[in-house]
Structures are given as structure tokens and as C-alpha cells.
Amino acid sequence: MYQEFQKHLQQTLQEIKDAGLYKNERVIVTPQSSGIKVEGGQEVINFCANNYLGLADNKELIQAAKDRMDSRGYGMASVRFICGTQDTHKQLEKAISDFFGTEDTILYAACFDANGGLFEPLLTEQDAIISDALNHASIIDGVRLCKAVRYRYKNGDVADLEEQLKAAQAQRFRIIATDGVFSMDGNVCPLDKIYELAQRYNAMVMVDESHSAGVVGKTGHGVTELYNMRGKIEIITGTLGKAFGGSVGGFTTGKKEIIDLLRQRSRPYLFSNSIPPMIAAAGLKTLELLTRDNTLQDRLHANTEYFLTRMKAAGFDIKPTQSAICAVMLYDARLSQEFAAALQEEGIYVTGFYYPVVPQGQARIRVQLSAAHTPEQLDKGIAAFVKVGKQMGVIK
């Protein structure tokens with residue numbers, strides 16, 4: 001059987017390559033940072049990591065992880081309800097709750113698991129999920145695993161959301177699901193208006209803060225801070241893999257009873273090992289750093305404003321953004337790959353995004369700014385974009 005299936009796979013892979021959609025993985029041989037070295041020895045400036053606060057190689061986080069490995073071991077070797085909870089996990093859950101102003105928190109191996117295991121334990125076919133059209137794949141998969149009636153509204157379109165909420169009055173319970181920051185465009189959800197509609201139409205709200213926690217809001221506490229709605233949202237999901245240190249691990253935080261039921265029935269939680277103690281310790285140190293002062297958030301916001309202003313002035317087509325994500329629109333999949341390859345020749349490390357990661361005809365290079373970027377690195381990145389942009393006819 002496999003010989004036949006192998007031919008099918010080879011044909012499919014060739015079709016992906018012929019369409020210019022094949023994804024190659026590059027190898028980094030240094031710690032993740034604003035400046036890295038790739039296999040072969042080239043040193044490049046990294047503009048495509050989710051390392052928003054520059055903490056992926058932070059010495060305090062590394063030391064916290066080392067110390068906790070010495071005192072609590074390497075891994076848990078079990079799921080938590082059997083024998084896998086340590087004090088470090090409970091401390092991190094409390095710290096996350098304090099950060100977002102919520103009642104309780106549950107940890108997962110990744111935010112993909114948090115979103116994938118969220119809806120099915122809470123809702124049945126009597127209920128409804130109203131989901132933003134551009135929500136992350138993990139939210140989409142989580143919705144698919146649930147028997148609730150599904151509604152979808154146009155990205156950030158509160159008028160369309162209201163129409164879907166009207167239709168969803170036929171169901172018992174309703175949850176509006178949205179990303180805080182939409183990772184491909186960088187736009188922030190209109191949470192204030194979403195919340196108003198939720199109140200009017202008797203719905204709950206779930207927000208994925210993966211690309212907004214540590215980034216959005218004056219002190220980086222996410223979209224609930226941006227809209228002055230701390231503690232009002234029933235469910236927040238997020239990750240330790242982006243601004244919060246760049247490692248692994250996800251979480252759901254929110255109302256106590258919701259978190260309690262997830263501990264009883266959420267399958268990715270019940271059937272996956274706890275995150276290693278060293279990861280939990282580094283997460284704790286991250287939250288300590290973010291509440292100590294606002295230096296990193298201020299630097300990130302300044303870097304983002306600087307980069308966006310100069311890229312727009314150079315003539316690039318930039319998606320509107322309120323985050324540290326700058327989507328440089330190229331529209332053609334092959335062009336996005338050629339543009340990214342040319343930038344790497346200039347010492348700028350970026351990735352072309354194209355279908356199926358973004359819709360057909362919406363290819364782009366997603367630049368992600370970091371507090372770790374120096375002014376010199378930002379200027380070099382902008383200059384390289386301008387040089388390649390002119391060479392390829394993207395700008396004049």
C-alpha cells in the first residue's frame with residue numbers, strides 16, 4: 001500500500017514546490033536573539049521571531065531555569081492529576097492570574113493545546129461559538145472539536161458580529177472567540193465593542209492573548225489593559241512561547257469555575273505531561289521582570305513606531321497595526337520568498353508568508369519587532385528593505 005501512497009505524497013509535494021509554496025526550515029546555531037548566526041556561519045539580524053521583549057536569551061531567565069532544574073529535576077514524567085504537579089506550577093498559575101487580573105489559571109504544554117482543549121469540555125450542541133474569521137488555527141481546531149453550533153463573523157467587524165449574535169440567541173450559552181492581536185496582520189481586536197455586544201446579547205468572551213500579552217497596552221498587559229477591561233473577560237488564553245520568554249507552554253486563565261472544569265475534562269491537560277519545572281521557573285521570572293518596571297515594553301513600543309514610520313515613508317504597503325507585527329504586503333507567494341531570500345543576502349532574517357498560512361493573493365513578509373533590536377539594527381533592516389524593494393520593483 002505504501003508504494004501507492006508514496007507516489008501520491010511525492011506528487012502532492014511536487015505540486016506544492018511548483019506553486020512556490022514549499023516551506024524550507026533554516027538552522028540557527030546560536031541562542032535566539034535580535035542578532036543570530038545561521039548554519040554556514042552567516043550572521044543576520046532577526047526580524048521574524050516572536051521574541052517581542054528580547055527575553056529568549058535573558059540571563060535571569062536562564063539562571064532561574066538552571067536553578068529550578070537543580071532543585072526540582074528535569075521533567076515531570078506524568079500528567080498532573082496522577083503525579084505531575086509541583087509547587088512551581090502552582091506558583092506560575094497564580095502569577096499569570098495576578099498578571100491578567102483573573103481568578104484562576106491552568107497550564108498546558110502549548111497554547112495550541114489550551115485552545116484545542118477549551119471549548120469541548122464547556123459547551124454542547126445546545127450552545128454556540130461565534131468566532132472571528134481570522135482567528136488562529138488553534139482556535140479553529142478547538143471549535144471543530146466541539147459540538148456547539150458555529151457562527152463566524154468578518155475580522156473585527158462588530159456589525160457582522162451583532163448579526164451572528166442575533167442568530168445565536170437560539171442557543172443556550174454563547175461564547176465570542178477572538179484573537180487579541182491577529183498574528184498575520186498585527187491588528188488588535190475591538191474588544192471594547194465586542195464586550196458591549198456580549199453584554200447586550202448575553203454572551204461570554206474568550207480572547208487569545210498570545211501575540212498581545214507583553215506587547216499591547218501601556219505596561220504590556222495585553223488587550224484587556226488597552227481597553228481598560230482588566231478582569232472583565234471570562235476566558236483568556238496565551239503562551240509562554242512569545243513575549244513571555246520564548247520557550248514552550250500555554251495557559252488558560254479566567255473565571256474560577258471554568259478553569260476548574262477544564263482541570264476535570266480538558267483532554268490536552270489530562271493526557272499531556274506538565275511543562276518542565278525549569279520552564280515554569282523561567283515563566284515566573286518573566287512575570288517578575290514585567291512587573292518590576294516598564295523598560296522592555298517602552299523600548300518595544302519605541303522600536304515599533306520607529307520602524308513602521310520609516311517603512312511607510314519609504315513607500316511600502318503596510319497593514320494597519322497596533323502591535324509589534326509589521327506586515328509588509330507583497331501579495332505574490334513566489335515574490336515573498338524571493339524577497340526574503342534577497343534580504344538574507346543583505347543580512348536580514350525574515351520569512352515570506354503565503355497560502356495556506358495567509359489567504360491566496362495575500363502573501364507578505366511579516367516583520368516582528370523586539371525590545372532587543374538596537375537602533376543600528378533597525379536602520380540596517382530598513383535600508384535592506386528599501387534596497388531590495390527597489391531592485392524588485394516593489395517600491396520606486
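Mentor: We may begin with the ring pairs. This is a predicted model, and rings count as a pair if their centres lie within 6.5 Å. By this rule the number of aromatic pairs is 9.

Trainee: What is the geometry of the pair formed by tyrosine 2 and phenylalanine 5?

Mentor: The ring centres of tyrosine 2 and phenylalanine 5 are 6.3 Å apart, and their planes meet at 65°. Planes over 60 degrees apart fall into one class. The pair is therefore edge-to-face.

Trainee: How are tyrosine 2 and phenylalanine 5 separated along helix H1?

Mentor: Helix H1 covers residues 2-18, and both residues belong to it. They are 3 residues apart, so the separation is about one helical turn.

Trainee: Is tyrosine 2 buried or exposed?

Mentor: The relative accessibility of tyrosine 2 is 52%. Exposed means over 50%. Tyrosine 2 is therefore exposed.

Trainee: Which class of accessibility applies to phenylalanine 5?

Mentor: Phenylalanine 5 has a relative accessible area of 42%. Buried means under 20% and exposed over 50%, with one class in between. Phenylalanine 5 is therefore partly exposed.

Trainee: What is the geometry of the pair formed by phenylalanine 316 and phenylalanine 385?

Mentor: The distance from centre to centre is 5.8 Å, and the angle between the planes is 85°. This aromatic pair is edge-to-face.

Trainee: How many residues apart in sequence are the parts that phenylalanine 316 and phenylalanine 385 tie together?

Mentor: Phenylalanine 316 lies in the loop between helix H14 (295-313) and strand S10 (325-331). Phenylalanine 385 lies in helix H16, residues 375-391. The pair therefore ties together parts whose separation in sequence is 69 residues.

Trainee: Are phenylalanine 316 and phenylalanine 385 buried or exposed?

Mentor: Phenylalanine 316 has a relative accessibility of 5%, and phenylalanine 385 has 0%. Buried means under 20%. Therefore phenylalanine 316 is buried, and phenylalanine 385 is likewise buried.

Trainee: Which residues do ring pairs link into a cluster?

Mentor: Phenylalanine 316 and phenylalanine 385, which form a pair, both belong to this cluster. Its members are Phe47, Phe307, Phe316, Phe339 and Phe385.

Trainee: Over the face of which residue does arginine 26 lie?

Mentor: A charge may also sit over a ring, and lysine 17 lies over the face of tyrosine 22, at 4.8 Å from the ring centre. Arginine 26 is at 3.8 Å from the centre of its ring, which belongs to tyrosine 349.

Conventions. Residues numbered from 1 in each chain as written. Predicted model: local features only at pLDDT ≥ 70, side-chain atom pairs only at ≥ 80, totals over all residues. Heavy atoms only, no water. Phe/Tyr/Trp six-rings, centres within 6.5 Å; stacked < 30°, edge-to-face > 60°. Helix = DSSP H or I, 4+ residues; strand = E, 2+ residues; numbered from the N terminus. Buried < 20%, exposed > 50% of the residue type's maximum accessible area, 1.4 Å probe, protein only. Lys NZ or Arg CZ within 6 Å of the ring centre and 35° of its normal.
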